[in-house]
Amino acid sequence: ASETGWPTSTVSSNTSPAATAALFNFHCQVNLGACIFGGGVPDKAKLAPHVLGYIAVQTTALTYLDAPPQPEEMLDTLTGTIRAVSQGGWAFNFGDGEPGGAVSLTNTAAVGSTGDYAAGLLAKSVGGTGVWSVNLGLFNLPVYTNGGAAGPVTVDNRAAITTDGISSPAIAALSIGGLGVQGGRGGEVTVTTAGALTTSGSGAHGVLAESIGGRSINDSPSVTGGVAGAVLVTVKSAIVTTGTKAYGVLARSLGGEGSRGDSASGVDDSSNAGGRGGDSGAARIDISSGGAITTSGAGAHAVAGFSLGGQGGQGGGGNNAYAGATGGDGGLTGDVTLTNAGTLKTSGDRAYGMLGQSLTGKGGDGGDGDSIFVGQGGKGGASAPGGVITMTNTGTIATQGLDEGATKETEPKA
């Protein structure tokens, strides 16, 4: 093996100056930082791993972009055979976006769904958007106000549900705060299922439960993103999924992104900073002794709980002898609790029995410097410690496949 740890078979035997220079020039095009080796052209054994690593990263990105979107990426498109939806109205006459109402859905009959982005049960509350316009004759003037809060969402399923389609979960329960100067709050989400759930299709989760804080929009300095509510899922029956990245249960609380700082001239850093990311709530999944989750697709975790703080907003750009403003801090995060007293089985590659993540939001980028006197960018926002992740297993977890495991958690420290 070479001194980089790569097998010599990964490096071409053609070590002529022309071949080495060609490889070096290619690498400079894809990663300029790697050109600073000091001295002349490096030997291929040292250079090849960098190029191969770049290719691997790009291949992963292209694979993601080429795959069908997950249902959590298509919440506006997602529909359902049985639907209970409360949509808050848009802002009007200088008022805020209207709140979404409380949604409660109880199902006692067998449900089937065929088609992409078509859930068996869809329960959703959405806060109204804090944007409207004033007609000034020649043009409309946009007016920005606060987004509406979303209401609590409760689903109680007592019958079998079957779906067949891409990103078509058996149950989707969503509470989404509205966009606005101040993003709306996401409500609490509670799902209980005692009926068998069966899905076929990539991204077709058994249960998708999310609370999402609204994003704080417009150039409104230092406005915090919407807070997300707690998410609780209880499984008392069987769930079977067969598609790629089709989780048995996905429970996620996601704080809204903070506002972006204004770029008006003559404003100091403190009043031009990006807004803090919204806090996320707790995420909890309980699998009872009668619960049994089986997944067979790659990346199809049996249960996955996430609490993710919102990203801080970007600081305003510097102007008129001021430096760029500081980015907003990332939002705080809630605890994640996963409890299994039943049976969890996965057979696909990179599929965990239990996956928990509690991650604070990324600090916002500092604003660009834009002044003949001060060309200094602002400071990035700060992140904070994640919440506590607790996993308890008194049942059975069986995994099979490459890079799989019974449990995995991501919990950053201070």
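**Reading strands, cores and pockets**

Me: Thr154 has Thr190 as its bridge partner in E10. How do I read that?

Reply: Keep in mind that this is a predicted model. For strands to count as a pair, at least two bridges are needed. Here E7 and strand E10 (residues 189–193) pass that test, with five bridges in the parallel sense.

Me: Which strand does E7 pair with through Ser104 and Thr154?

Reply: That's strand E2 (residues 103–107), again parallel and again over five bridges. Ser104 has Thr154 in E7 as its bridge partner.

Me: Which face of E7 is covered, and which is uncovered?

Reply: Sort the residues of strand E7 (residues 153–157) by face. Val153, Val155 and Asn157 make up the covered face, while Thr154 and Asp156 make up the uncovered one.

Me: What about strand E9: are its faces covered or uncovered?

Reply: Both are covered. On one side you'll find Ile171, Ala173 and Ser175, and on the other Ala172, Leu174 and Ile176, all of them buried. That's six of six residues in E9 (residues 171–176), so the strand is largely enclosed by the rest of the structure.

Me: Which strands pair with E9?

Reply: Strand E4 (residues 118–126) is joined to E9 by six bridges, running parallel. Strand E12 (residues 207–212) is joined to E9 by six bridges as well, also parallel. To find your place, look for Val126 opposite Ile176 in E9, and for Ala173 opposite Ala209 in E12.

Me: How do I decide whether a residue like Arg252 is buried or exposed?

Reply: Check its relative accessible area: under 20% is called buried. Arg252 comes out at 17%, so it counts as buried. You'll find Arg252 in strand E15 (residues 249–254). Beyond its sequence neighbours up to four places away, Arg252 touches Glu72, Ala209, Glu210, Ser211, Val231, Phe306 and Leu308.

Me: And Asn340?

Reply: Asn340 has a relative accessible area of 0%, so it is buried too. Asn340 belongs to strand E19 (residues 336–340). Neighbours within four places aside, its contacts include Ile287, Met354 and Thr392.

Me: How many residues are in the largest nonpolar core, and which touch the most other members?

Reply: There are 35, and Val191, Val207 and Val249 touch the most other members. Have a look around Val191: leaving out neighbours within four places in sequence, its contacts include Val155, Ile171, Ala173 and Val207. There's also a second, separate core with 17 residues, among them Ala119, Ile176, Ala304 and Phe306.

Me: Last one: how do I read a pocket?

Reply: The idea is that rolling a probe the size of a water molecule over the atoms shows where empty space is left. In this model the largest pocket holds about 550 Å³ of space. Its lining has 24 residues, with Ile176, Leu179, Ile212, Gly213 and Arg215 nearest the centre. By class, that lining has 13 polar, seven nonpolar and four charged residues.

Me: What does the second largest pocket look like in numbers?

Reply: About 440 Å³ of space lies in it. The second largest pocket has 17 lining residues, and those nearest its centre are Thr63, Tyr64, Ala67, Thr244 and Lys245. Its lining splits into seven nonpolar, seven polar and three charged residues.

How values were computed:
Residues numbered from 1 in each chain as written. Predicted model: local features only at pLDDT ≥ 70, side-chain atom pairs only at ≥ 80, totals over all residues. Heavy atoms only, no water. Helix = DSSP H or I, 4+ residues; strand = E, 2+ residues; numbered from the N terminus. Buried < 20%, exposed > 50% of the residue type's maximum accessible area, 1.4 Å probe, protein only. Contact = heavy atoms within 4.5 Å. 1 Å grid on protein atoms, 1.4 Å probe; cavity = no way out; pocket = protein on both sides within 12 Å on 5 of 7 lines; lining within 4 Å. Points joined across faces, edges and corners; volume = space filled by probe spheres on them. Nonpolar A, V, L, I, M, F, W, Y, C, P; charged D, E, K, R; others polar. Core = buried A, V, L, I, M, F, W, Y, C linked by side-chain atoms within 4.5 Å.
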